Amino acid sequence: MDRKLLDLLACPATRQPLSLLEAAGLDALNRAITAGQVARGDGTPQREPLREALVTRDRKTAYRIDDGIPVLLVEEAIATAQADGFPGA
């Protein structure tokens, strides 16, 4: 993801800055997704593993990136507390 674009992005709900989710966080989320334990903000299950994601500064919310495009919709957000072992701040 382009660094200039990343510097401009913020969480639409909390206005916190976003950063790329590192491999350990992505692995923890994908394990929970595979186990069927992850729902999006609107309650629908997240069925597909994430290739890339953005995370808020407090690390409580993640937003997926589809084909290089961040999906910054509150109803599509993923609460990271759903993933056991998600690395904290």
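## The largest pocket

A pocket is an open set of points on a 1 Å grid over the protein atoms alone, with protein on both sides within 12 Å along at least five of seven lines, and its lining residues have an atom within 4 Å of a point. In this predicted model, local features need pLDDT of at least 70 and side-chain atom pairs count only at pLDDT 80 or more, while totals for chains, interfaces and linings use all residues. Residues are numbered from 1 along each chain as its sequence is written, and side-chain values use heavy atoms, with hydrogens and water left out.

The lining of the largest pocket consists of Q46, E48, P49, L50, R51, E52, R64, I65, D66, D67 and G68. The space in this pocket is about 190 Å³, a volume being the space filled by probe spheres set on the points. By class, 3 of the lining residues are nonpolar, 2 polar and 6 charged; Asp, Glu, Lys and Arg count as charged, Ala, Val, Leu, Ile, Met, Phe, Trp, Tyr, Cys and Pro as nonpolar, and the others, Gly among them, as polar. Strand β3 (residues 61-66) gives the most to the lining, with 3 residues; strands are DSSP runs of E, at least two residues, and helices are runs of H or I, at least four, numbered from the N terminus.

## Nonpolar cores

A nonpolar core is a set of buried Ala, Val, Leu, Ile, Met, Phe, Trp, Tyr and Cys residues joined through side-chain atoms within 4.5 Å. The largest has 14 residues, and L21, L29, L50, A83 and F86 have the most contacts inside it. Two or more residues of this core come from each of α2 (23-34) and β2 (52-56), and α2 gives the most, with 5 residues.

Apart from this core lies another, of 8 residues, including L6, L54, Y63 and I65. Beyond its neighbours within four places in sequence, A83 is in contact (heavy atoms within 4.5 Å) with A28, L29 and A32.

E76 lies in the loop between β4 (69-70) and β5. Its relative accessibility is 15%, so E76 counts as buried (under 20% relative accessible area, with exposed over 50% and partly exposed in between, for a 1.4 Å probe and protein chains only). The side chain of E76 makes a polar contact with that of R40, at 3.0 Å; such a contact is a pair of N or O atoms within 3.5 Å, where, within protein, one must be able to donate a hydrogen and the other to accept it, and residues adjacent in sequence count only if both atoms are side-chain atoms.

P87 lies in the segment after β5 (78-79) and is partly exposed, with a relative accessible area of 24%. Not counting residues up to four places away in sequence, P87 touches E22, A24, G25, A28 and R59.

Key
1 Å grid on protein atoms, 1.4 Å probe; cavity = no way out; pocket = protein on both sides within 12 Å on 5 of 7 lines; lining within 4 Å.
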